[in-house]
Protein chains: 2
Amino acid sequence: MISQVSQLHAEICRTLGSAARIEILKALSDGEKTVNELSKTLGLKQANVSQHLSILRQRRVVATRKEGTNIYYKVANPKIIQACELMRQVLIEQLQETEQLTKTVGA
Amino acid sequence: MISQVSQLHAEICRTLGSAARIEILKALSDGEKTVNELSKTLGLKQANVSQHLSILRQRRVVATRKEGTNIYYKVANPKIIQACELMRQVLIEQLQETEQLTKTVGA
DNA sequence: ATCATATATTCGCATATATGAATTGATATA
DNA sequence: TATATCAATTCATATATGCGAATATATGAT
């Protein structure tokens with residue numbers, strides 16, 4: 001009863017369901033970076049970043065470009081960044097609502 | 001090193017990381033529905049739908065309205081629907097790329 | 001060939017998640 | 001009161017996921 005497309009859709013969402021991977025995407029949203037750069041920027045171990053990138057690559061959320069020893073990663077489709085941005089706005093609105101609420105209760 | 005916001009962002013994504021919940025959101029995107037309606041429409045057990053709705057409610061992805069015995073669910077923020085729509089487009093583009101690829105290989 | 005650097009993979013463990021079954025609670029109605 | 005309906009919760013179990021540590025692979029330089 002559950003469509004194949006929804007199955008794939010859920011898989012992409014699960015792929016984004018890790019704070020580390022969200023940070024990686026955010027870091028990549030302003031241009032491509034190597035594994036090492038990401039590792040240093042985010043303060044995560046290289047192996048760990050590589051694992052997350054592997055998962056993101058499998059689902060084609062990121063794409064790669066090889067240059068010598070380095071592998072440059074970028075977000076595969078700008079719409080993914082747009083979707084993330086929308087979700088972040090939802091989050092912000094949620095937080096604002098909560099603030100509103102605590103203020104009202106406090107008054 | 002990983003921001004609180006990214007943590008929350010990932011939580012929302014994980015919340016959407018279930019095909020059943022994606023279907024529920026799709027079903028709710030054209031207006032509010034009760035648990036029973038969803039259960040029948042999606043062909044899932046009531047208890048199961050209720051569980052999923054409970055998860056969606058916790059993360060405030062859906063909102064409820066009570067009317068007599070019934071509880072009507074709706075998507076809490078239209079931006080969530082927009083984000084889902086974007087991700088679905090990404091999916092479609094991915095599938096098209098794959099088709100393109102298989103055609104090329106086949107030729 | 002050796003070494004250094006960049007990236008990927010594997011393993012083991014702890015934790016998280018999904019699901020079905022059974023139960024409970026609340027409301028309506030005969 | 002008895003019963004049917006709708007929804008939520010609890011529990012047990014199977015499965016998936018995240019992460020660190022160690023190891024492997026690949027490329028480039030000496």
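This is a predicted model: local features need pLDDT of at least 70, side-chain atom pairs count only at pLDDT 80 or more; totals for chains, interfaces and linings use all residues.
Asn77(B) sits in the loop that links β3 to α5 (78-106) in chain B. Is Asn77(B) buried or exposed? With a relative accessibility of 10%, Asn77(B) counts as buried because the cut-off for buried is under 20%. Apart from neighbours within four places in sequence, Asn77(B) is in contact with Val90(A) and Glu93(A). With Glu93(A) there is also a polar contact, in which the two side chains come to 2.8 Å.

## Chain A and its copy

Chain A has five helices and three strands. Along the sequence these elements follow the order α-α-β-α-α-β-β-α. How does the radius of gyration of chain A stand against that of a compact globule of 107 residues? For the globule the value would be near 13 Å, whereas chain A has 17 Å. The C-alpha trace of chain A spans about 60 × 40 × 20 Å along its principal axes. Of the 107 residues in chain A, 41% are buried. Among the contacts in chain A with a separation of 6 or more, 48% are between residues 24 or more positions apart.

Two copies of a chain are related by a rotation about an axis and a shift along it.

Ile2(B) belongs to the segment before α1 (4-15) of chain B. Within chain B, Ile2(B) and Ile92(B) are 90 residues apart along the chain, and 31 Å separates their C-alpha atoms.

## The surface near DNA strand D

DNA strand D is surrounded by 24 residues, of which Arg21(A), His52(A), Asn36(B), Gln51(B) and Tyr73(B) are the closest. Of the atoms of DNA strand D that come within 4 Å of the protein, sugar and phosphate make up 70%. Which elements each supply at least two residues of this surface? They are α4 (46-58) of chain A and, from chain B, α3 (35-42), α4 (46-58) and β3 (70-75). Sorted by class, the surface near DNA strand D holds six nonpolar, 13 polar and five charged residues.

## The surface near DNA strand C

Around DNA strand C there are 21 residues, and Asn36(A), Gln46(A), Gln51(A), Tyr73(A) and Arg21(B) come nearest. Sugar and phosphate account for 65% of the atoms of DNA strand C within 4 Å of the protein. By class, this surface has six nonpolar, eleven polar and four charged residues.

| Residue and its atom | Atom of the DNA | Distance |
|---|---|---|
| Gln51(A), polar side-chain atom | DNA strand D, base oxygen | 3.0 Å |
| His52(A), side-chain N or O atom | DNA strand D, phosphate oxygen | 2.7 Å |
| Gln46(B), side-chain N or O atom | DNA strand D, base nitrogen | 3.3 Å |
| Asn36(A), backbone N or O atom | DNA strand C, phosphate oxygen | 2.8 Å |
| Arg21(B), side-chain N or O atom | DNA strand C, phosphate oxygen | 2.7 Å |
| Asn48(B), side-chain N or O atom | DNA strand C, phosphate oxygen | 3.2 Å |

Two or more residues of the surface near DNA strand C come from each of α3 (35-42), α4 and β3 (70-75) of chain A, and from α4 of chain B.

## A histidine in helix α4

His52(B) is part of helix α4 of chain B. His52(B) has a relative accessible area of 13% and is therefore buried, the limit being under 20%. Which residues are in contact with His52(B), leaving aside neighbours within four places in sequence? They are Ser18(B), Ala20(B), Arg21(B) and Ile24(B). Of these, Arg21(B) is also one of the residues that come nearest to DNA strand C.

Terms used:
Residues are numbered from 1 along each chain as its sequence is written. Chains are lettered from A and ligands numbered from 1 in the order in which they are written. Side-chain values use heavy atoms; hydrogens and water are left out. A residue is near a molecule or strand if one of its heavy atoms lies within 4 Å of it. A polar contact is a pair of N or O atoms within 3.5 Å; within protein, one must be able to donate a hydrogen and the other to accept it, and residues adjacent in sequence count only if both atoms are side-chain atoms. Helices (H or I, at least four residues) and strands (E, at least two) are DSSP runs, numbered from the N terminus. Ala, Val, Leu, Ile, Met, Phe, Trp, Tyr, Cys and Pro count as nonpolar, Asp, Glu, Lys and Arg as charged, and the others, Gly among them, as polar. Buried means under 20% relative accessible area, exposed over 50%, partly exposed in between (1.4 Å probe, protein chains only). Contact means heavy atoms within 4.5 Å. The radius of gyration is taken over C-alpha atoms; the globule rule is 2.2 Å times the number of residues to the power 0.38.
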